[in-house]
Amino acid sequence: MRKYVLLFLSLCIDYAWVNTAVVLADQLGIAETVLGQPASWAARQVLSLILLSLVRVANVSLGEWLLSYAQTEQPAGQRQWANLLLGTMGVLSGIWALLRLTGPDDGAPFLFMVEDTPLKTAAVALYSTLYSWCGVMLLRFELKAKLCNALLFASVLPLTAINLIFSRDALVASMVARAAIEGRTFPVEKAEVYARVSIYYAILLVAVMLTILYFCRERPTASVGRPLEGSPGNRA
């Protein structure tokens, strides 16, 4: 069972970064330069699947590397679900957040600024990288992975509070504008409700994440004459 779960997660991670690279290339105008027009959604998916197949055949899978410790850990049957769940969510969240750098703003609480500025873009990129890195630490069962992720989750609360205090009106406006760009209608009254409950949602989200983080594990420290658990030299 673990073998198939890890294979599925590995495919998800590889598809996420490949598809993100394809979408970013299209949004930066590379597809339009080559094809004479922007690539359609279906074309991007087909290209992503082709590149994903090449990545797996060439044995340069990011997902397999991230999940290698979970795959080889001995003895089998140890608790891994918490690391796999939060780690995969962290890596995917960081990867997909990079798409926001070239898309319309969604009111993310960075530096209490909702408008697009170079500083905002740099902050989003840095925060996305931190999300992915903390997810990597969990998937690799690295030491201090739980501490780093706890600090990251806790940072959501002050950032959300800062955004509501200093940029509530801009946050509401960004929700309405983003919906309009995507061809949807989003009433101002509904956006204001979302803004009011966002702090409560953030508290609930952080509480759930920290609860799951409690069940995460870290690989044992190395000791003299004793190989690391999950390493090839360990026959336990």
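Because the model is predicted, local features need pLDDT of at least 70 and side-chain atom pairs count only at pLDDT 80 or more, whereas totals for chains, interfaces and linings use all residues. Residues are numbered from 1 along each chain as its sequence is written, and side-chain values use heavy atoms, with hydrogens and water left out.

The protein chain has nine helices and zero strands, where helices (H or I, at least four residues) and strands (E, at least two) are DSSP runs numbered from the N terminus. Read from the N terminus on, the elements accordingly run α-α-α-α-α-α-α-α-α. Of the 236 residues in the protein chain, 38% are buried; here buried means under 20% relative accessible area, exposed means over 50%, and partly exposed lies in between, with a 1.4 Å probe and protein chains only. The accessible surface of the protein chain comes to about 13600 Å², and carbon and sulfur atoms hold 70% of that surface, the areas coming from the Shrake-Rupley method with a 1.4 Å probe and, for residues, only the protein chains shown counting as cover. Among contacts in the protein chain with a separation of 6 or more, 75% are between residues 24 or more positions apart, a contact being defined as heavy atoms within 4.5 Å.

Two packed helices are described by the angle between their axes and the distance between the axes. For helix H6 (residues 81-97) and helix H9 (residues 188-214), the axes come within 8 Å and cross at roughly 135 degrees; axes are lines fitted to C-alpha atoms, for helices over the stretch in contact, and angles run from 0 to 180 degrees between N-to-C directions. H6 and H9 are therefore oblique to each other, since angles under 35 degrees count as roughly parallel, over 145 as roughly antiparallel, 65 to 115 as roughly perpendicular and the rest as oblique. On the side of H6 the contact is made by Trp-81, Ala-82, Leu-85, Leu-86 and Met-89, and on the side of H9 by Met-209, Ile-212 and Leu-213. These residues divide into eight nonpolar, no polar and no charged, with Ala, Val, Leu, Ile, Met, Phe, Trp, Tyr, Cys and Pro counted as nonpolar, Asp, Glu, Lys and Arg as charged, and the others, Gly among them, as polar.

Ser-128 lies in helix H7 and is buried at 4% relative accessibility. Leaving aside neighbours within four places in sequence, Ser-128 is in contact with Gly-94, Ala-97 and Leu-98.

The loops also hold particular backbone features. In the loop between helix H5 (68-72) and H6 is found Pro-75, which a cis peptide bond joins to Gln-74, with omega about -5 degrees. The loop between helix H7 (118-139) and helix H8 (145-181) contains Phe-141, a residue other than glycine whose phi is positive, near 55 degrees. Lys-144, in the loop between H7 and H8, likewise is not a glycine and has a positive phi of about 65 degrees. Phe-141 counts as buried at 0% relative accessibility, while Lys-144 is exposed, with a relative accessible area of 59%.

With a disulfide taken as a pair of cysteine sulfur atoms within 2.5 Å, the count comes to zero disulfides. The sulfur of Cys-134 has its closest cysteine sulfur in Cys-148, 5.5 Å away and so too far for a bond. Cys-134 is buried, with a relative accessible area of 6%, whereas Cys-148 is partly exposed at 29%.
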